[in-house]
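Me: Could you walk me through reading a structure, feature by feature? I'd like the general idea each time, then the case at hand.

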Amino acid sequence: DQSGTLKKNYFKVVEGEVSKSQIRNIFLLGTLPEDLQRKTYDVSLEGDGSVQLWLERNDTYRDLYDLYIGGEGGVKAPKDSSRLFQRYENVEKIIFGEGFSTKSVTNMNNMFWMCKRLKELDLSSFDTERVTDMGFMFYGCKRLKELDLSSFDTKSVTDMGGMFSYCERLQKLNISNFDTRNVKNMKKMFEECKSLQK
């Protein structure tokens, strides 16, 4: 059942009004907005309104916006989630609520590519059992200081090339449960991880 699945190029619906550089935070919610006065956009794969996107002005920075994506009972990530959150260069937080499901995802390549200001990322709810490609997943996340991926199931992954490249401030990285038996590419996996202590 594809209902409740986010379409990959969801940002296109607001491109005329805002640019990715104007987004400060991203929230993925298991509900739809109750306030029906708010302008929402259908970003569901099926075009059935099951996933909606809306914007709110950021409290601190009035020229920036917080981006919300919600679906009743949650939001399913598309099977190909490559580049899903790439190039949000001013985003500080991406909050994945309980309702975000990655169960069907096979591709996470470049998923957070060049999110240069991203400071916080909790991916403990991610189900990565089917993922085969994690290449360049966190490439250029220059401000991320900690990343706990101990909950990741990587037994199907074949590509981890450049996965943490240019995570220049990353100090703590937990990949203690990584299963790399099928990985064929680890090229430049930790390139320019200058601050890594552990």
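What follows is a chat about the sheet, the core, the cysteines, the salt bridges and one asparagine.

Me: Before we start, what should I know about the model and the numbering?

Reply: This is a predicted model, so to speak of local features we need pLDDT of at least 70, and side-chain atom pairs count only at pLDDT 80 or more, while totals for chains, interfaces and linings use all residues. Residues are numbered from 1 along each chain as its sequence is written, and side-chain values use heavy atoms, with hydrogens and water left out.

Me: Which strands run parallel to each other, and which are antiparallel?

Reply: Look at strand 4 (65-71). Strand 1 runs parallel to strand 4, and six bridges join them. Strand 3, in contrast, pairs with strand 4 in the antiparallel sense, over seven bridges. You can follow this residue by residue: Tyr65 of strand 4 is the bridge partner of Ile23, and Arg57 stands opposite Tyr65 too. Glu56 stands opposite Asp66.

Me: Which residues of strand 4 point one way, and which the other?

Reply: In a regular strand the side chains alternate between the two faces of the sheet. For strand 4, Tyr65, Leu67, Ile69 and Gly71 point one way, and Asp66, Tyr68 and Gly70 point the other. Buried means under 20% relative accessible area, exposed means over 50%, and partly exposed is in between (1.4 Å probe, protein chains only). Seven of the seven residues of strand 4 are buried, so the strand is largely enclosed by the rest of the structure.

Me: How many residues are in the largest nonpolar core?

Reply: A nonpolar core is a set of buried Ala, Val, Leu, Ile, Met, Phe, Trp, Tyr and Cys residues joined through side-chain atoms within 4.5 Å. The largest one here has 54 residues, and Tyr10, Phe85, Phe112 and Phe138 have the most contacts inside it. Strand 1, strand 3, strand 4 and strand 6 each give two or more residues to this core. Take Phe85: leaving out residues up to four places away in sequence, its contacts (heavy atoms within 4.5 Å) include Tyr10, Ile26, Leu28, Phe112 and Cys115.

Me: Now salt bridges. How many are there?

Reply: The test is a side-chain nitrogen of Lys or Arg within 4 Å of a carboxyl oxygen of Asp or Glu. By that rule the count comes to 10. One of them joins Lys39 and Glu17, with the closest N and O atoms 3.7 Å apart. Lys39 lies in the loop between strand 1 and strand 2 and Glu17 in the segment before strand 1, so the pair ties together parts that are 22 residues apart in sequence. Lys39 is exposed at 53% relative accessibility, whereas Glu17 is partly exposed at 47%.

Me: What about Lys142 and Glu168?

Reply: Their side chains meet in a salt bridge at 3.5 Å, N to O. Lys142 is in the loop between strand 8 and strand 9 and Glu168 in the loop between strand 9 and strand 10, so this pair links parts 26 residues apart in sequence.

Me: Last one: is Asn107 buried or exposed?

Reply: Buried, at 19% relative accessibility. Asn107 sits in the loop between strand 7 and strand 8. Its side chain reaches the backbone nitrogen of Asn109 at 2.8 Å, where a polar contact needs N or O atoms within 3.5 Å, and within protein one must be able to donate a hydrogen and the other to accept it, with residues adjacent in sequence counting only if both atoms are side-chain atoms. Beyond four places in sequence, Asn107 touches Lys79, Asp80, Ser81, Ser82 and Asp133.

How values were computed:
Helix = DSSP H or I, 4+ residues; strand = E, 2+ residues; numbered from the N terminus. Pairing = 2+ DSSP bridges.
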